[in-house]
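Thanks for passing this one along. My notes follow, as numbered points to read beside the model.

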Amino acid sequence: MPLASGGLAVNLSPVNLLFIGDIVGEPGRRAVKQLLPKLRGQLQLDMVVANGENAAGGAGITVNTANEIFAAGVDIMTTGDHLWDQKEVAILLQTEARFLRPLNYPPGVIGRGSTVWHSEKLPPVAVLNLQGRTFMPPLENPFLCGKTEVELLRTITKLIFVDMHAEATSEKIALARMLDGRVSAVVGTHTHVQTADEQIFPGGTAYLSDAGFTGPHESVLGREIEPVIERFRANTPQKFDVAKDRILLQGALIDIDAATGRAISIRRISEPLAETGN
Ligand SMILES: [Fe+2]
Ligand SMILES: [Fe+2]
C-alpha cells in the first residue's frame, strides 16, 4: 500500500462521495437521519457532503439543526443564498470548521468557502462552495475566485468537490467546464429541481446541473403549494410553510479515482423515505 508524505498508509481504491441536495426543514432532516445510515452501507460511502441552507424551517440553518445533520453522518456542509436567514448562523461560521459558506463574499466576511477533509485511510478531499450571480445577489465573481481557490486546493489534493449554488444552468455549466480536469466534480444546488444531465467531461470532472432537494416533494420546491400559487396569482406576500408529504433524499453519488482525482462515475440519487403511518 502506498504511503502518504506523512508516512500514513493510504487506500487508493476509489472514493465514494455522496452529495445531498438542499435539506429543507424538519422533513429534510428526518430523511437524512433515517436514510443516511442505510445508504452509507448500501452505497459504501466514504464521505458525505450536504447543502444545509434550508435546514431550519426551510430558511437558513441554526446550531441545533446543523448538529442534527452532522450527527446523522454528514461530514461537510455547504450553503447558499439562504445562509443568513437565521442570525445564529454567525456562530457556525465562526466556530464550525465543517460548515462552509459560498467562497465569493468580499474579504473580511466571517466563515470559510472551502475546506480539506481528512480521514484515516483516504487521501484528503477538498470541498469548495461557490455561488452564482445570474438572477442572484451580486457576490464577487465565482469564476475568478473559484479558479484561484482550486489551484490553491490542488497544492494539497487533486480530489476536489464543488457545490455551485446558482440559478442559471449556463452559469453552472460554464463554471464546471472552466474547472474540467482541475476538480473531481461540480454539482449544482439552489433550484431544488433535480436535473437529468449527469455526465463526465473530457478532463475527468463529473457534472450535474442540480442535485435536487431533500424534503417534501408534494410541494413547490419544499413549501406548501397553495400559498405559493397565491403569491404568483395575486402578487401578495404569503407565509411559506414547509410541506409534509412525499419526502425524498436527493443528491448525487460520485466515484472518484483516489490517485488522479478524476471522476469514474456519477449518478443521481432520489431515495424515498418510507411513510411510517405515525
Ligand atoms: Fe439557494
Ligand atoms: Fe435551497
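How far apart are the iron ion (ligand 2) and the iron ion (ligand 1), and which residue coordinates both? They are 3.6 Å apart, and the residue that coordinates both is E53.

A word on conventions: this is a predicted model, in which local features need pLDDT of at least 70 and side-chain atom pairs count only at pLDDT 80 or more, while totals for chains, interfaces and linings use all residues. Residues are numbered from 1 along each chain as its sequence is written, chains are lettered from A and ligands numbered from 1 in the order in which they are written, and side-chain values use heavy atoms, with hydrogens and water left out.

1. **Iron ion (ligand 1).** Its protein donors are E53 (OE), D81 (OD), H165 (NE2) and H190 (ND1), at 2.1 to 2.2 Å. Donors here are N, O and S atoms within 2.8 Å of the metal (3.2 Å for Na, K and Ca); water is not among the atoms, so sites may look incomplete. Along the chain, the spacing of these donors reads E-x27-D-x83-H-x24-H. E53 belongs to the loop between β2 (47-51) and α2 (63-71), and H165 to strand β6 (residues 160-165), so this pair ties together parts 112 residues apart in sequence. Helices (H or I, at least four residues) and strands (E, at least two) are DSSP runs, numbered from the N terminus.

2. **Geometry at ligand 1.** The four donor atoms make angles of 86 to 147 degrees, and the site is irregular. For reference, four donors count as tetrahedral if all angles lie between 85 and 135 degrees; four count as square planar and six as octahedral if opposite donors are over 155 degrees apart and all others between 65 and 115; anything else is irregular.

3. **Iron ion (ligand 2).** Here the protein donors are D22 (OD), E53 (OE), N54 (OD1) and H192 (NE2), again with distances of 2.1 to 2.2 Å. This site is irregular too, with angles of 91 to 167 degrees among its four donor atoms. The donor spacing is D-x30-E-N-x137-H. Distant parts of the chain are linked by E53, in the loop between β2 and α2, and H192, in the loop between β7 (185-189) and β8 (199-200), 139 residues apart.

4. How buried are they? E53 has a relative accessible area of 1%, and H165 is at 0%. Both count as buried (under 20% relative accessible area; exposed is over 50%, partly exposed in between; 1.4 Å probe, protein chains only). H192 is buried as well.

5. **G212.** This glycine lies in the loop between β9 (206-208) and β10 (215-216) and is buried, at 0% relative accessibility. Not counting residues up to four places away in sequence, G212 touches G21, D22, H192, V193, Q194 and Q250, where contact means heavy atoms within 4.5 Å.

6. **Aromatic pairs.** There are three, counting rings of Phe, Tyr and Trp (its six-membered ring) whose centres lie within 6.5 Å; planes under 30 degrees apart are stacked, over 60 edge-to-face and the rest tilted. F19 and F161 form a tilted pair, 4.9 Å centre to centre with 40 degrees between the planes. F19 is in strand β1 (residues 15-20) and F161 in strand β6, 142 residues apart. F201 and Y207 are stacked, at 5.4 Å and 20 degrees, and both are buried.
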